[in-house]
Amino acid sequence: MSKRDKRGGNRPAVAVPATPEERRPRVLELISSGKTREALDLAKQGHKDAPSPQAEGLVIDAYEARIRQMLAQGLHDEAAGLAALVAERFPAQRQRIVPLAQQSKAIASGDLGAILAELPLAAPTRRREIEEVLTRELRDPRQLAETGALPLDDPLRQGGRAVSVLFAAVTSGVLPPGALAALDVIPRQSPLAPWKLLIRAIEAYYRRADGAALANLDAIPPHAAPARLAAVLRRLIGEPAPGAGRPGGDGRDRAVDQKPVSALIGAVTGGQAGLRDHLRSLIAALARRDAAAAGAVVERIVPLMPSEPLWIKPTFTATLLWQWHRLDLPPRPLIAALRRDRRSLEWQRETQRLLALMYERAGAWDEALVVWDGYVAAATRAGTLPSAGRVPARILLHMAELFPAVPEDVLDALGVDSDEEIEQLIDDGALPGCFARGRLLARALEADPDPRVFRALVAHWEARDRGQAEAHAEAWRRAHPEDLEPLLHLVRAAEARGAYRKAIEMLGRAEAIDPMHPELKQSRVRLLLTSAEGRIREGRYAQALADLDELDKAVVATSGETWVYLGALRWLATRRNGDGSGAERLLEEIASRLVNRTMLSLIVGSVAESFGLEPPEALEAASPAESAQALARAGELFRALGRPLAVPTGLLARVEHGLGGASPADLHSLCVAGLHMGRPALTYAAAGEGLASDGPLLHRFLLARGRALALAGARRDRNRAISCLRAARELAGRARDLDAVREASSALGALGPDDLTAWSSPHGDLDGTERPTPREIAAILATERARLEPPAFKAPTGGRKRRRGARRAQRDLFDDLLPFMELGH
Amino acid sequence: MLGVDATADDEQVRAAYLAAVRRSPPDRDPEGFRRIRDAYEAVRDEELRLALRLFGPAPLASLDALLEALPDERRHVGPGPWLDILRGGKP
């Protein structure tokens, strides 16, 4: 291909006239139609074929048109270069070409005076060129408003004045209504039309009508001078520039000096636009799972993060830590980014606190504990956290609450066999001191002697070492002699270890503080009952009967069905004492007061069995409703008294398959009794019957269904259990049944964090954190109502099987952060 | 959301809550009112404020949510900074 062909590219071939006379009008025609390159080619060809002064003049005409067109297209450097070339090659034509070069330089520097001066007398073609230059190069409308080159009444100058005034107004404050009407005088073809669109876009931006702003920006021609501001305004709105992302992008954007752009964006947004841009980049980097890029953006974000409002910085950090963890990204880029922010040690401690919370959410209680411990130590040393008082006590209590509820789970997690081994490892320096839960609670109590901490401490030792629990309760009682709580514990503890004299002594002290306390009344009844039962076993029947007489006087003893139990004991003592007829009379007396004979048989039979005596008579075949009621009420009674209920297998089967006529109250009692007796199938069936209709106990039946399902073996049933328990907790909350809320939460907690976080609900899209919606609850209810067949329940085991594992090193995604956090120490 | 600082007491929090409700009454701005109510419930008493200070804030569902929650300031700065961009920094 020839050089000419290459330069010609894809341009359509221009018909070459045969003679110089034909060629001149053709060249002028091409110039007037804007085809200056073709005109120049034709003129040069003519000059080459037949050189003459006329032909040279035509070439210069074509060059001049070409240079002016390049100026109109904003190609200042190219135009100046071409002008210099022409002036050198045709020295005789310098006087025509040099002014063009000068004009080119003036326009490039923003001086439009020369071309404005041409405007009043310019021919239409030249006028169009000048307007094109103005469209491209008018960088301040005041240049038009204040130019002396145009008369005052020139429409372009008037339009320039209107644009200048409105541009200053719209960027300085809220415009009065109707102010934009002044722009209506500017026609669409005017070089000021892009400015009109820009002013409308800025006005819309400030009144937060971003859609209208973008619509106006879209209409601005990309070659017009205001298009550079359009790109900036798009960034302020948070929209990418049209063509952004295309190879090459917008060449003009690259030409814009970024310093004033950043200054404007910073001034308009109060510094937040940069933050927004970086946040968008961070979101994009995280979406690509590009940890290095995300870390680099975090590094830029941290210094920009404003201190006001207060929630921004901690919320950003908490969200970032959580997202980083969820994406399972390598921690180093984040560490490097956070490490750069050395300005505030206090903020680094805050980051440590947020990291601990992140671990908690991830279910990594042990990692959370270590980070909390580091935070407490660092903050205390720095004086931002007092060493005593409510705040440190609250944190220490929180740390203690992180431990799994089941003590064996703690041992499993740490790979040890006993609490003593933990203590030993701590003493050897192999484990941080925070893993001794008892020590944490003792520190909390020392920091703030708060009843809540005391309760937690006693509960902790009660599950491990009752002697310690009693010692702590005794110490608290001595320090707070008017506090009933330690006395209640001491009564229970003494009763549990069979120290009835001590229990009664503590009961007396407690009754001196609050004689009406319901637990004390129950304790007194329980103690007298235990005493009576003990005396029957020891053969001291007269003393047992005296205890029973005293029990009869107690108010609670006559409430509910307790009197039947006491009557059964009295019958037993009388019979054992050799008074057979008296025993018979007692039984008849009870029977005359108790309509449900099945319940009588059940209670008396259970009492007799627990003392190794034959029941007085065989159970009568009763109606399903009577059987259900008997089991429900007897179950409730024995559970309240803490005594085992012996239920004949036949009765149990009859009840499980004949719940149709049972009242909601009895169904609920059966739910509770089933769990108490280790009979989840009964609970499952009773809960299913209760769920069949809506009523005030609906959440309780859902709770019972969930608790029964939690005892089933299959993972699917455990997932069902979780949905039932979560729905029950939600419904209980709405019904203000706080006991049920607590019970559901506790049952959910016992199912373990793994089930909660990795759970895929059979009822929908519930996850471990969201509260179920009414629609989801309705779906759960529908499912449970349809599932009548009980699942396969696990056979009761002899105890929990220990999983002995190697002690876990303190390792996880963010372990490497810990040395960094030491900076705050 | 209520515009109270970390040391505000119950009375100041309550006053800020009522002022916010006056700006977004439930009948005219139910969504705004719900957010205000939630914010108030989270800091209503000293114990809740302490819990929030020690064990908050909860992470947002995504960083996009943070982007949406950032205050969107739009300050008028006069024509100068705008024209500076077109002038390429030249006066």
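Author: Residues are numbered from 1 along each chain as its sequence is written, while chains are lettered from A and ligands numbered from 1 in the order in which they are written. Since the model is predicted, local features need pLDDT of at least 70 and side-chain atom pairs count only at pLDDT 80 or more, whereas totals for chains, interfaces and linings use all residues.

Reader: How do you know that the span of helix α18 of chain A agrees with its number of residues?

Author: Helices are DSSP runs of H or I with at least four residues, strands are runs of E with at least two, and both are numbered from the N terminus. The expected span is 1.5 Å times one less than the number of residues. Residues 312-326 make 15 residues, which should therefore span 21 Å, and the end C-alpha atoms are 21 Å apart, so the two agree.

Reader: What makes α18(A) mostly covered?

Author: A residue is buried if 20 or more other C-beta atoms, placed from the backbone, lie within 10 Å of its own, exposed if 12 or fewer do, and partly exposed in between. Twelve of the 15 residues in α18(A) are buried, including A:Phe316, A:Leu320 and A:Trp324. After the helix comes A:Asp328, with a positive phi near 55°.

Reader: Why is a set of residues called a nonpolar core?

Author: The name is given because its members are buried Ala, Val, Leu, Ile, Met, Phe, Trp, Tyr and Cys residues joined through C-beta atoms within 7 Å. The largest such core has 73 residues, of which A:Leu569, A:Ile603, A:Leu631 and A:Ala728 touch the most other members. Apart from it lies another core, of 72 residues, with A:Leu321 and A:Met399 among them.

Reader: What makes chain B a chain of helices and not strands?

Author: Chain B has five helices and zero strands, and from the N terminus on its elements run α-α-α-α-α. Of the 91 residues in chain B, 16% are buried.
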